[in-house]
Amino acid sequence: MARSMTGYARVRTDADSLSMIVTIKSVNHRFADIQIRMPPDLDPFEPGMRRMVKEHIRRGQLQITINVEWNAPPQETRLNRTLVEGYLAAFQEIAKDRRFTTPPDPNTLLRLPGAVTVVAAELDDEKRALLEKTLNDTLVKALDTLNESRRAEGEGIVEDLRKRVEAIGQALEKLQAVREDTVQHFQRHLERKLSEMLDRVGPDPQRILQEAGVLAARADVSEELQRLGSHLQRLVEVFDGDGEIGKRVDFIAQELNRETSTILSKSSVLGQGGIAVSEVGVLLKGEIEKIREQAQNLE
């Protein structure tokens with residue numbers, strides 16, 4: 001099933017002692033570009049996270065943000081004894097000079113800047129295991145949600161591409177009909193060229209055959225029409241397949257464009273009849289370019 005490279009997902013998990021929110025934004029990119037913003041406690045799990053993401057996503061730039069909130073944050077309080085002793089010594093020195101008799105208030109000392117600090121405690125094995133499990137579960141749900149979003153948009157893109165392919169198929173039918181109408185124009189053009197050659201070089205059968213062959217090859221677009229039809233069939237097969245289809249669609253569109261360019265170049269030898277061929281060719285070019293633009297949005 002086709003998937004777009006654009007999507008969004010936000011999943012929240014509430015565990016026994018923590019809550020986690022994983023947000024993923026996805027946009028177009030030639031490769032899988034994974035950018036992660038998360039708390040330091042999750043750093044040991046990053047390699048596993050990246051492997052997990054690559055199992056779900058083949059192409060696209062992903063911005064992943066992970067927030068963790070502990071219901072009772074693991075932390076510890078530390079007393080800066082050296083700093084407190086310095087505050088106390090300064091108080092005693094001032095009290096002695098000013099003859100203060102009131103003893104220092106411990107609560108006031110502990111509120112002084114830097115006296116007490118609260119730092120995050122090291123996670124024990126139980127909390128680390130809970131954090132890892134919650135991360136894995138939440139990330140998988142977020143990736144599944146993201147892919148559902150990308151799949152829905154991808155189906156819309158493929159539906160548009162199918163319409164483009166149908167329009168190109170109709171243009172090919174018209175081009176085939178126009179080609180048949182231009183045969184008479186080409187025959188007259190060929191007769192005129194051969195008559196000019198007879199007047200110029202005389203009745204040289206070998207030279208006349210060569211010239212006629214060259215002109216016929218320049219005007220014959222049957223092979224190009226056949227290959228265009230084959231490429232369209234390949235596109236439909238790609239649409240109905242799975243996996244990473246954006247690059248394949250773009251490649252086939254380039255082949256379509258190449259064959260159309262050849263048809264347009266050959267239309268110049270058809271004289272007046274080549275105008276109708278050129279008009280259809282320009283229409284084909286426009287549809288093919290739209291297919292290539294849409295292919296850039298597919299994974």
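1. A quick bit of background to begin: the expected span of a helix is 1.5 Å times one less than its number of residues. Keep in mind as well that this is a predicted model.

2. With that in hand, take helix H2, which covers residues 81-98. It has 18 residues and runs 25 Å from its first C-alpha to its last, close to the 26 Å expected. Just after H2 comes Arg99, with a positive phi of about 60 degrees.

3. Next, have a look at H6 (residues 222-239) and H7 (residues 246-266). These two helices pack at an angle of about 165 degrees, and their axes are 10 Å apart. Angles over 145 degrees count as roughly antiparallel, so that is what H6 is to H7. The crossing of H6 and H7 is left-handed.

4. Which residues in H6 meet H7? On the H6 side they include Leu225, Leu228, Leu232, Leu235 and Phe239. Among their counterparts in H7 are Val249, Phe251, Ile252, Leu256 and Ile263. Charged residues take part too, including Glu224 and Arg227 in H6 and Arg248, Glu255 and Lys266 in H7. By class, the contact has eleven nonpolar, three polar and seven charged residues.

5. Last stop: Gln294, which sits in helix H8 (residues 274-295). Leaving out residues up to four places away in sequence, Gln294 touches Ile157, Asp160 and Leu161. With Asp160, the side chain of Gln294 also makes a polar contact of 3.2 Å, side chain to side chain.

Terms used. Residues are numbered from 1 along each chain as its sequence is written. This is a predicted model: local features need pLDDT of at least 70, side-chain atom pairs count only at pLDDT 80 or more; totals for chains, interfaces and linings use all residues. Side-chain values use heavy atoms; hydrogens and water are left out. Axes are lines fitted to C-alpha atoms, for helices over the stretch in contact, and angles run from 0 to 180 degrees between N-to-C directions. Helices (H or I, at least four residues) and strands (E, at least two) are DSSP runs, numbered from the N terminus. Angles under 35 degrees count as roughly parallel, over 145 as roughly antiparallel, 65 to 115 as roughly perpendicular and the rest as oblique. A crossing is left-handed if the near helix is turned anticlockwise from the far one by less than a right angle, and right-handed if clockwise. Contact means heavy atoms within 4.5 Å. A polar contact is a pair of N or O atoms within 3.5 Å; within protein, one must be able to donate a hydrogen and the other to accept it, and residues adjacent in sequence count only if both atoms are side-chain atoms.
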